[in-house]
Amino acid sequence: MLYYIFYPLREFWFGFNVFKYITFRAAMASVTAFLVSVIFGPAIIKWLKAVNFGQNIRKEHVRPLYELHMHKQGTPTMGGLIIILAVVVPTILWADVLNRYIITSLLVTVSLGGIGFADDYLKILSKTNMGLRPIRKLLFQTIVSAALALYVYKFTPIPHTLTVPFFKTIIVNLGPLYILFIMLVMISSTNAVNLTDGLDGLAIGCAIFAALSYAVLSYISGHAKFSGYLNIFHLVDGGELTVFCAAIIGAGLGFLWFNSYPATVFMGDTGALAIGGAIGV
């Protein structure tokens, strides 16, 4: 949004040219995301405590494990709301909000975060670890993933091929099977973060490094010279995803402030599905 406000003003002062550069806007998105997390995090955590949205620690199956984690009983969950807020707001502020890849990424992230929110809410209501039934959760994830896959397959210039790293000539054209491949990546990534979220700071720490890697890859893919030199597919306008990934990094570092041991808030499925979906998309 700020890109459309300030970049046209370069005619009056050359300093506004800086808004043209993805690197500048990505850095600012990361800083903004961190500040949003740190500033609004305490208020959200306080609200979660006020409405008794606390984590229930499972006692079944492994009693010794429960004895190690029982002190975490009642720790506020749904902290993923902090992450979603800290990703969406800076991305809207610093990215090209009319860029189709930015719009798609935000929609997928918020949609999967909504599924996670419903799952967390049902767990709190039942005071157990049973939220959405696994089949229902998987069904909702499949719907979002299928919508994304069809959009990418039909309406973007992204090739329907897979390449093997370090082998220039091995290219596999999946054709319509590319839709299933996208769905597999999305569902796997989403649930991978959800399964990783078990220890203080573990899932968000891994997500930060994943987002950092994708920020670099997005920038290279969106840069005609760099992508050509490195023999990587050049996705026109794809460089804007660097800003989105940078926002995830900043949001993750801000959330880690509260989630590092001893955690004062858990991301819950709200954050795990949102972050997993963001990395997948």
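Modeller: Helix 7 and helix 11 pass one another in a right-handed crossing (the near helix is turned clockwise from the far one by less than a right angle). Helices here are DSSP runs of H or I with at least four residues, and strands are E runs of at least two, numbered from the N terminus. The model is predicted, so local features need pLDDT of at least 70 and side-chain atom pairs pLDDT 80 or more, whereas totals for chains, interfaces and linings use all residues. Residues are numbered from 1 along each chain as its sequence is written, and side-chain values use heavy atoms, without hydrogens and water.

The axes of helix 7 and helix 11 come within 7 Å and cross at roughly 140° (lines fitted to C-alpha atoms over the stretch in contact, with angles from 0 to 180 degrees between N-to-C directions).

The largest pocket has a volume of about 1700 Å³ (on a 1 Å grid, an open set of points for a 1.4 Å probe with protein on both sides within 12 Å along at least five of seven lines; the volume is the space filled by probe spheres on the points). Its lining comprises 42 residues, and Ile158, Tyr178, Tyr214, Ser221 and Phe233 are the closest to its centre (lining residues have an atom within 4 Å of a point). Helix 7 and helix 11 are among the elements that give two or more residues to this lining, as are helix 10, strand 1 (161–164) and strand 2 (167–173). By class, the lining has 31 nonpolar, 10 polar and 1 charged residues.

Helix 10 (residues 241–259) also packs against helix 2 (residues 22–50): their axes come within 7 Å and cross at roughly 30°. These two helices are therefore roughly parallel, and their crossing is right-handed. Between helix 10 and helix 11 runs the loop that holds proline 262, and the peptide bond from tyrosine 261 to proline 262 is cis, with omega near -10°.

How values were computed. Parallel < 35°, antiparallel > 145°, perpendicular 65-115°, else oblique. Nonpolar A, V, L, I, M, F, W, Y, C, P; charged D, E, K, R; others polar.
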